[in-house]
Amino acid sequence: MTDKVMIHVERLTKVYGHGRPAVDAISFDVRAGEVLGFLGPNGAGKTTTMKILTSFLAPTAGRAQVAGHDVYDDSVEVRRRIGYLPEDTPLYKDMTVLEYLEFICDVRDVDKEHRRGRLRRVVEQCGIGDKLGKLIGELSKGFRQRVGLAQAIVHEPEVLILDEPTSGLDPNQIAEIREVIKAIGQEKTVIFSTHILGEVQATCSRVIIISDGKLVADGTPDDLARKSTGAASILVEIGGKRGNDTDPLGLLRQIDGIEEVKAINSTGWSLSDRPRAAQFRVVAKSGVDPRGDIARVIATANDMDLLQLTPEKASLEDVFRKLTTTQGA
Amino acid sequence: MAIAKREFKSYVNSPIPYILVTAYIATAGYMFFQQLFIVRQADMRHFFDNMPLLFCLIVPFVTMRLVAEERREGTLELLLTMPVTDWQLVFGKFLAALGLMSLLLVLTLAFPITVAALGPLDKGTTVAGYIGAILMSGAFVAIGIMASSFTRNQIVAALVAFFIGFGLFLIGALIGVLPPSLAPVASALSIGSHFQNISRGVIDSRDFLYYVSIIFVCLLVAQTTLDSRRWR
């Protein structure tokens, strides 16, 4: 079950009118149980891709399958198996929450026996128990979002597609929605788009970055972070006493597992009256962790103290900016 | 069916149908009782004669929001990603609006009851008239839904529906002035003259077919408009 391909996208392309393609030959697969973060700057094609996956729009070229059904040729089957929350959470404002969820159950053919149980479950999961009798138009944005989410999961879909589910919410609400997504992601396949990077690190098992309609990265959040710097880098800070002229740069370069050392702070390691401290960025050879060696070398050296030894992980922000700006030009 | 149910409920919760029903009953009632008291004539003919023009004015307001509002609010997108076909969606909305019109017609039963109380009521033509009224409402509703599917603006939807409906009505009014060779064509196209045929008590398959085909064609156009987002 866990490695069943739930979403299969193959050279998917969408051109609106005669302009540039909004989505340009994107391919990826999503397996059951994955929570996929769909990242990209505004206008990159995230929403368009999702609209095609939900079979709201037809692809110009290429194809997409959800749970083995083609989104164009077999769209009702696809629609049966997905839950979808569009951007901006469109809901019927003149209905109460309960009326709305019952309408969704009607449209989605949730049979009468299971209906009460399912409704109770999503109401609890989304925390809307005390809002059931309220008109949707009177709810705050946060609660509307939860109703939107409840609507998307009430029929227990195999695939959940959420377009910017946390936009416009306050930090507490974001955290709660994320918890719900995570909980659902344990059993179902989830795709959600966002341009908040922290969200991806917090919730996703996999990330896809698209920019200008093209897929520019695909991997786990950690993978992508590593990719941006090439190899793991380590920040080393060394302190020394006055009158010591041993150059730590030289010392570090002698260590075996190290590929490259760069001094970072501009003051450098020069003779001066102040107590000295200098930072270096060390790039290790692949597969080697040189931290032990570094510590030993510095400790045994004359009059030098190791102040800091921190493995650096490039933040997803770095990756994102790097990938989406180089591609854009 | 779920869609028809929801739409109908949302009519109940919105002020528009109440205003329209009141306006219609008031206008038709005024005409009916004017006939009754001034001309001292109690029959249903007058009531049915005014019906095409009045429906042509009212129905666009009933149907204008059906698709246009969903398009504007974005709920259409959500609805179209649920396992309902475009046809079910369009037909559900058609049923809801037709349901509302039927309700309105039920309320007008007060008129034939008055007539029956005052003198002999021609039951045959009255029943035929009501059957015709339902068919004609269906045609206007279908025109309205088609117009509503073209735009996200309800006013535009209402106006387009009105002009199409009024055009079909006007053709009938022109019959007298047209050269004899064109008159049969005009009467075949007219939404009113088919109704007159039926309300005279003659339910001909041609009249029946006229309304059914208007309904079918308009709903088909509406469905095609919805589907056009997926053309490639």
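Is Ala25(A) buried, partly exposed or exposed? Ala25(A) is partly exposed, with a relative accessible area of 24%; buried means under 20%, exposed over 50% and partly exposed in between, using a 1.4 Å probe and protein chains only.

A note before the views: this is a predicted model, in which local features need pLDDT of at least 70 and side-chain atom pairs count only at pLDDT 80 or more, while totals for chains, interfaces and linings use all residues. Residues are numbered from 1 along each chain as its sequence is written, chains are lettered from A and ligands numbered from 1 in the order in which they are written, and side-chain values use heavy atoms, with hydrogens and water left out.

View 1. Chain A has 11 helices and 14 strands; helices (H or I, at least four residues) and strands (E, at least two) are DSSP runs, numbered from the N terminus. Of its 329 residues, 49% count as buried. Take the contacts in chain A between residues at least 6 apart in sequence: 70% of them join residues at least 24 apart. Contact here means heavy atoms within 4.5 Å.

View 2. Look for Ser55(A) in the loop between helix H1 (46-53) and strand S4 (61-66) of chain A. With 0% relative accessibility, Ser55(A) counts as buried.

**View 3. Thr49(A) and its neighbours.** Thr49(A) is part of helix H1 of chain A. Its relative accessible area is 0%, so Thr49(A) is buried. Leaving aside residues up to four places away in sequence, Thr49(A) touches Leu12(A), Val23(A), Ile26(A), Phe38(A) and Ile210(A).

**View 4. Thr324(A) in helix H11 of chain A.** This helix covers residues 316-328, and Thr324(A) is buried within the model at a relative accessible area of 11%. Not counting residues up to four places away in sequence, Thr324(A) touches Pro41(A), Ile209(A), Ile210(A) and Ser211(A).

**View 5. Asp305(A) and Gly240(A), 65 residues apart in sequence.** In space their C-alpha atoms are 6.1 Å apart. Asp305(A) sits in strand S14 (residues 304-312) of chain A and counts as partly exposed, at 38% relative accessibility.

**View 6. Helices H5 and H6 of chain A packed together.** H5 (residues 141-153) and H6 (residues 171-185) pack at an angle of about 10°, with their axes 11 Å apart. Axes are lines fitted to C-alpha atoms, for helices over the stretch in contact, and angles run from 0 to 180 degrees between N-to-C directions. That makes H5(A) roughly parallel to H6(A); angles under 35 degrees count as roughly parallel, over 145 as roughly antiparallel, 65 to 115 as roughly perpendicular and the rest as oblique. H5(A) contributes Gly142(A), Gln145(A), Arg146(A), Leu149(A) and Ile153(A), and H6(A) contributes Gln173(A), Glu176(A), Ile177(A), Val180(A) and Ile184(A).

**View 7. Helices H1 and H4 of chain B packed together.** H1 (residues 2-12) and H4 (residues 65-73) pack at an angle of about 95°, and their axes are 12 Å apart. H1(B) is therefore roughly perpendicular to H4(B). Arg6(B), Glu7(B), Ser10(B) and Tyr11(B) in H1(B) meet Arg65(B), Leu66(B) and Glu70(B) in H4(B).

**View 8. An aromatic pair in chain B, Phe48(B) and Phe195(B).** The whole structure holds 20 aromatic pairs over all chains; rings of Phe, Tyr and Trp (its six-membered ring) pair if their centres lie within 6.5 Å, and planes under 30 degrees apart count as stacked, over 60 as edge-to-face and the rest as tilted. The ring centres of Phe48(B) and Phe195(B) are 6.1 Å apart and their planes stand at 70°, so this pair is edge-to-face. Both Phe48(B) and Phe195(B) are buried.
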